[in-house]
Amino acid sequence: MSKQTYRVCFCFRRRFRLTAAEAPPDVKALFDAYSQNGVMSADDLRRFLVEVQAEPNATAEEAQGIIDSLKHLHIFHRRGLNLEAFFKYLFSDANQPLDPKIGVHHDMTAPLSHYFIYTSHNTYLTGNQICSDSSDIPIVRALLLGVRGIELDLWPNSTKDNVDVLHGRTLTTPVSLIRCLRSIKNHAFSASEYPVIITLEDHLTANLQALVAEMIVQTFGDMLFTHPGSSLLGEFPSPESLKRRIIISTKPPKEYLEGNEDKAKKSCTDSSSEDGAHPREVPDLIPRNDHDKDDDADDDANRDVTETDEDDEKDPKVGSQAAPQYRDLIAIPAGRGKGGMQAWLRVDPTKVRRISLSEQKLEDAISEYGQDIVRSTQKNILRIYPRAIRLDSSNYKPLCALMHGAQMVALNMQGYGKSLWLMHGMFRANGGCGYVKKPDFLLDADEVFDPEAELPVKTTLRVTVYMGEGWYYDFSHTHFDTYSPPDFRAKIAIVGVPADKKKKKTKTIDDNWIPSWDEVFEFPLTVPELALLRLQVSEEDVSGKTMFAGQTCLPVSELREGIRAVPLYTRKGEKYKCVKLLLRFEFV
């Protein structure tokens, strides 16, 4: 093929010959086994799909459809595939590792607490937690990804007569609440029909709460799911029953200045002096100490107060000054009640609720209350959020929370990195609808699941890493190395319960845009239902310096066996046009 030239100094150039993508030996051997005289007929292809690709329901018509789609590659073999066409099919988007045809296939009629829910944290922020802009654009982007949990922080605007969304007590710029609500309405069900849960963190007076209620009702209308008596129900409704519905979740309103009761009473009775009330009230909601040192916060950067006053649901004074129309919108009440962690996690058979814990508080609680957490999440919803010191919008490792049954593991959707990639991969399951049914063992009330327990191996995932291609088309020829073609290495890891975690990597292929590794790795799995397969390709030079060259994450429970074309994604989770890996998955 054509040569590629790299400049060295000013006078010299190095030329490297580009090799063509060639079928690995395994692929050639399979083609020989399932073809006759160099041609694979529709019946031959159907046998290959059934016996090698583990697609028992494959039909001759489907096989013929694949052949017809590749006619431009086998013009001299109109009745079947030649080796080149067969290889192109295996490396095409039509041969994905997750079956795009099965769509939503989990049972969606169980209570909401029986599902992992794709959840975002401070969804409105475009960047860091301190000085980035607040906007509806990240909200729209999250919804289009299939995110079902949206968080909005509500604060009075500068004139105290309307409501903005922003990260309070920071330099983040505000965006109007009504704009966010309208964007949610327009895009809530673009990627999934299943319900969107809006969690509100409000720092508002009763009259502004009433204004918020009016905005929500007028914006969503019949889309809004309301159940004022939901706190008395024994279980949550199901995602299936809530299709195309908007759900509001927040703490039931309380007296605005509970900590300064006398001031609160005065401001509530003297409502005519509205302009004078707001400057006093809003600052009092959150003390001006160093809240970043308090991981127990419930407003992420500003939640240290709400952690201590979530016992308001049993206080008869609470809500006496609250806007009733706002309170009536809350379909999923939040709050923990009185007492410590064990009391917070106690299951009440007469009502359900949402509990919020910081990542640090969850980690601290697991050693002593791990089984209580699992048991509580069989009935209640547990939301985990990043600790306040993550000012750069980085994320925590989500698997610890998921293994203990937490449904709403909220991550910063702009905090690109391994943690977010894992969540992207997990919620590719179940048709990407944003709801993934928990494994049965997380719902077993008699034998509570322990992620640390020694369990027998259920299955072993064998991954054959054949080759990769597409970098030549998606990157400039000097992107990875100024003086030569890239040196690619692939890393493969299982993320799951501690016993299943394992990392492996291929050898480095030097100076080649189309690396051919042809290596086999095995991963014994004790809990495959919670396992995620993470793949990453890096360019590594002789000095050991690495450059990112693509990644993906896949739920092991939904991997299709056989030889598959696995597309790779950028750091931001955007799919490359051409970059992909050719892998074989086998459960042995």
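How many bridges join β4 to strand β5 (residues 163-165), and do the two strands run parallel or antiparallel? Three bridges join this pair, and the strands run antiparallel; two strands are taken as paired if DSSP finds at least two bridges between them.

This is a predicted model, in which local features need pLDDT of at least 70 and side-chain atom pairs count only at pLDDT 80 or more, while totals for chains, interfaces and linings use all residues. Residues are numbered from 1 along each chain as its sequence is written, and side-chain values use heavy atoms, with hydrogens and water left out.

**The chain as a whole**

The protein chain has 15 helices and 22 strands, where helices (H or I, at least four residues) and strands (E, at least two) are DSSP runs numbered from the N terminus. Of its 588 residues, 57% are buried, a term that stands for under 20% relative accessible area, against over 50% for exposed and partly exposed in between (1.4 Å probe, protein chains only). The chain exposes about 25400 Å², and carbon and sulfur atoms supply 49% of that area; accessible areas come from the Shrake-Rupley method with a 1.4 Å probe, and for residues only the protein chains shown count as cover. Among contacts (heavy atoms within 4.5 Å) between residues at least 6 apart in sequence, 72% join residues at least 24 apart.

Eight of the eight residues of β4 are buried, so the strand is largely enclosed by the rest of the structure. G149, E151, D153 and W155 point one way from β4, whereas I150, L152, L154 and P156 point the other way. The strand pairings, including that of β16 (residues 488-495) with β17 (residues 502-505), are set out below.

| Strand pair | Bridges | Direction | Facing residues |
|---|---|---|---|
| β4 and β5 | three bridges | antiparallel | L154 and V165 |
| β16 and β17 | four bridges | antiparallel | I492 and K504 |

The hairpin of β4 and β5 has six residues between the strands, and in this hairpin K160 takes a positive phi near 65°. A hairpin likewise joins β16 to β17, through six residues.

Helix α5 (residues 137-144) has P138, I139, V140, A142 and L143 as its buried residues, and what covers them includes β4 (149-156), α6 (177-187) and β7 (196-202). After α5 comes G146, whose phi is positive, near 100°.

**Two crossing helices**

The axes of helix α1 (residues 25-33) and helix α4 (residues 83-90) come within 11 Å and cross at roughly 120°. That angle makes α1 oblique to α4, because angles under 35 degrees count as roughly parallel, over 145 as roughly antiparallel, 65 to 115 as roughly perpendicular and the rest as oblique. The contact is made by V27, K28 and F31 of α1 together with L83, F86, F87 and L90 of α4. The axes are lines fitted to C-alpha atoms, for helices over the stretch in contact, and angles run from 0 to 180 degrees between N-to-C directions.

I373 lies in helix α12 (residues 359-376) and counts as buried because its relative accessibility is 0%. Leaving aside its neighbours within four places in sequence, I373 is in contact with L345, L362, A365, I366, L382 and H404. The C-alpha atoms of I373 and R346 are separated by 8.9 Å, and these two residues are 27 residues apart along the chain.
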